[in-house]
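Please look over the sequence and the structure before reading on.

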Amino acid sequence: MLIRCVVNGRERTAEVEPWTSLLELLRDELGLIGAKDACEQGECGACSVWLEGEVVCACLVPAAQADGRHVRTVESLSVNGALHAVQDAFLESGAVQCGFCTPGLVVAAADLLEREHEPDEAAIREALAGNLCRCTGYAKVVDAVRLAAEVRR
Amino acid sequence: MSAVRGRQLGGVGESARRVDGPAKVTGAYVYGGDLRAEGMLFAVAVRSPQASARIRSIDTSAAGRAPGVHCVLTAAELPAKRTFGLEYSDQPVLADGVVRYEGEPVAVVAAESRELARAAAKLVAVDYEPLEPVTDMEAALCAEAPRVHDFGNVLRHVHIVDGDLDAAQADVWVEGYYETAMQDQAALGPEGGLAIPAADGGVDLLVSTQWLDVDRQQLAPCLGLPEEQVRVALAGVGGAFGSREDLHVQIHASLLALRTGRPVKMSYGREESFHGHPHRHPSRTWIRYGATADGRLVAADVRLLLDGGAYASSSPAVLANASTFAAGPYEIPNVRIEGTVVYTNNPPCGAMRGFGAPQVCFAYESALDLLAGKLRLDPVELRLRNAVGTGSVLPTGQVLEGSAPLREAIERCAAIPLPEPDDPPAYPGGAGNVNHGETLARGVGFAVGFKNVAYSEGFDDAARATVTLREGPLAEIETAAVDYGQGLYTVLAQIVRTELELEDVRVLPATTAAGFAGSTSASRQTTMAGGAVLAACRAVRAELEERGGDLSEPISCTRDYHHRTTTGFDDRGHGDIHASFAFVAERAVVDVDTELGLARVVQLAVAQDAGRVINPQGAEGQVEGGAAMGLGLALMEELQLEGGAIQNPSFTDYLVPTILDVPPVLAEFVEEPEPGAPYGVKGIGELATVAATPAVVAALRAATGRVLNRVPVRPDDLVGLRPPAADDGPAPVPDVPGQQAIPEYLGLGLGQQELMKGRTR
């Protein structure tokens, strides 16, 4: 089936199977590898993207559901090489190790900061509760979101 | 922004930003599963649903005719060597007549897409004759148990005796029995690689791994190719924690690429990943401590059993580690340690962060708390009274020659402020809002641990690095050492910045062409690759001075770094087994809902012996993440097996700590430089994992008063619905020819132990 959608501001079309996920569409058809495939079950958040402004696990969404809609991925956050405040804060705070969960965490954190300008620690942890990280123990991830919120103020 | 203290040039001692950071935060970093090539095929494995079975027949004809299929391989089509293995080559590339664990690869299929390959894999018809599996590690020791391998079920037994246990005069004895479950590394990035057939008849393999050189050493003979025709390069690794030490897709993808003449990509999904790498050994430990009335340890008697699963992997080395640490980091004059690792039809076990140290740490620290209780001594005080220091002698007779600031670590950890009672309180159960404080109990637990740095038992795991200085000035580092996330490349760049006094440092892609670097494991690469880079920098500097600073031609120097020599075990289990040791003290604070059995870790405090910290922020990250992994084993992480089959191979059912489970980790470093190591460093990657588990469980015991002799602790254990793990007394000691792994005596196909001889000095 033919899918037509807007990804990171660009109109894209792709021929997909009925069982193709949004994640497969992005990664395999459109070459956007930022969203990661780590659990295939919506448990880890590594494939987090925005669909019509809502953060979703792309592995759980059929590609067909993106037809005629807007998708935004981690690749949209840095513009002409300039990092988004959340991305820069992740580097400054040491919140990146292997980096596999990082794009998903960055999307979830950026989404939180679009909704809440001064989240406290409980709000940060609640917002990122759907993103697994095996390397950092999360402490520096919390630091990074705090720092990004500060910088944006 | 300069939120991080002292960030200037990005040299040694500064919290330099990661060299691979920008690509990782933007999503551009390419991991094994992200690789692509023009015209590539996708490969999947057909895995055994049986834990133990004879293969009567395999029919691949339907799969071979399926749409888009280019090749189906079984053991019958293997071109050369048929087995591989890290220490002993006992693991079939594809099951050959028998399967010994659920998930063992039986065939591989390459097709035009992953979907087509998966569909075809389902058409491979394997006729199994199920056999009775051996799934209990004690049952495996019985004479009448089915044999996992023809030569029996004992993989290795280590016997360590010091002093005279029978003559030991103790005022007080305690004994305990402890079990730890099979834990999975659960690296977020699954295994993946891309094999590309080369014009010279060889293969170029990009793969997520921990050790390029030994991948190639195992891979080349299975392809029937000389090593120079097998070039292995590092793809991005999404975490490893030991799970990428063993081969996963390397041989399968390369065989299919050579066979089809097309690039072949193989990357696991989460379920296959759970079947596609070895796990942390489940353990059973019987331990008895004797002490004087004033709390001086005089005796330790330990029986340790590890479940190695179906193949050797790195089990012999894990057992050696666990056995040498089994009495704890304490001065004890009379010790006997009997450690055994057995083959079973459970999934293979091998390397995972801590490498044998966490299992015994849970046992010896739990038993030490029993002793503290019996002596009515403060647990911290009891540890201080018995802690080893520089000059202490371990049960192996090895003298601690390096720095050993365990006492200072204990004191520093104990001095970290305890958390305030929560206001407003955050009760276990979180948003479930199941408790308002009426049945809440807070507990505090303390534990210490230790571990070796680098490889042991006479293994010369050297590392090579080349540093090139160019006009700019710009420096390049070339090494086969792997950074799988912990920050090695950043640390190496920091060393170059400091030594060559420049800012612009690039780490070239890691390939086997860079020469032997050893594994990124055993907390060794900051010392080993770091040592090689440091030596190469100093050589570059010397030449620069000789040239009077002229850089019109680049200066390139290659250096190898070796750690001090170690030895194997003698008949009594004595020897200079380990190259270097590091120590840690940890304290956990938990809140338990004693009615529902829900637990919340409120705070973890860690004081770790680090020699010298190269990157403070990165070091904290290692401690925070490491402690979280130990917390996971204490409270939730367990691969559940039934008849040898994994029941929970998914992130839905295998629980990994989330951001709501891991509390603030307060990390401090004790910096007493290690003599002879570059800048005095010690490895830091594993220690926090080792003692976090017993610290958390000690806190749970303090909160509930329950025995809790098994991890992970479940809610049932905390409310007393499930009785403590029971035992029938220590497992019998097997009759073995000596201290080596059994395959060694049988002259079985050799793995890295033999492969590495003749390669190093």
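## Contact between the chains

How many residues does the contact take from chain A and from chain B? The contact takes 41 residues from chain A and 48 residues from chain B, two residues being in contact if their C-beta atoms, placed from the backbone, lie within 7 Å. On the side of chain A that touches chain B, α2 (85-93), α3 (102-115) and α5 (139-152) of chain A each supply at least two residues. The residues of that side comprise 23 nonpolar, 10 polar and eight charged.

## Basis of the model

This is a predicted model, in which local features need pLDDT of at least 70 and side-chain atom pairs count only at pLDDT 80 or more, while totals for chains, interfaces and linings use all residues. Residues are numbered from 1 along each chain as its sequence is written, and chains are lettered from A and ligands numbered from 1 in the order in which they are written.

Helices (H or I, at least four residues) and strands (E, at least two) are DSSP runs, numbered from the N terminus. Ala, Val, Leu, Ile, Met, Phe, Trp, Tyr, Cys and Pro count as nonpolar, Asp, Glu, Lys and Arg as charged, and the others, Gly among them, as polar.

## Helix α7 of chain B

Helix α7 (residues 315-325) of chain B is largely enclosed by the rest of the structure, because 11 of its 11 residues are buried (20 or more other C-beta atoms within 10 Å of the residue's own, all placed from the backbone). The buried residues of α7(B), including B:Leu319 and B:Phe325, pack against β9 (154-162), β16 (297-307), β17 (334-342), α8 (357-375) and β18 (440-452) of chain B.

Technical notes
A residue is buried if 20 or more other C-beta atoms lie within 10 Å of its own, exposed if 12 or fewer, and partly exposed in between; C-beta atoms are placed from the backbone.
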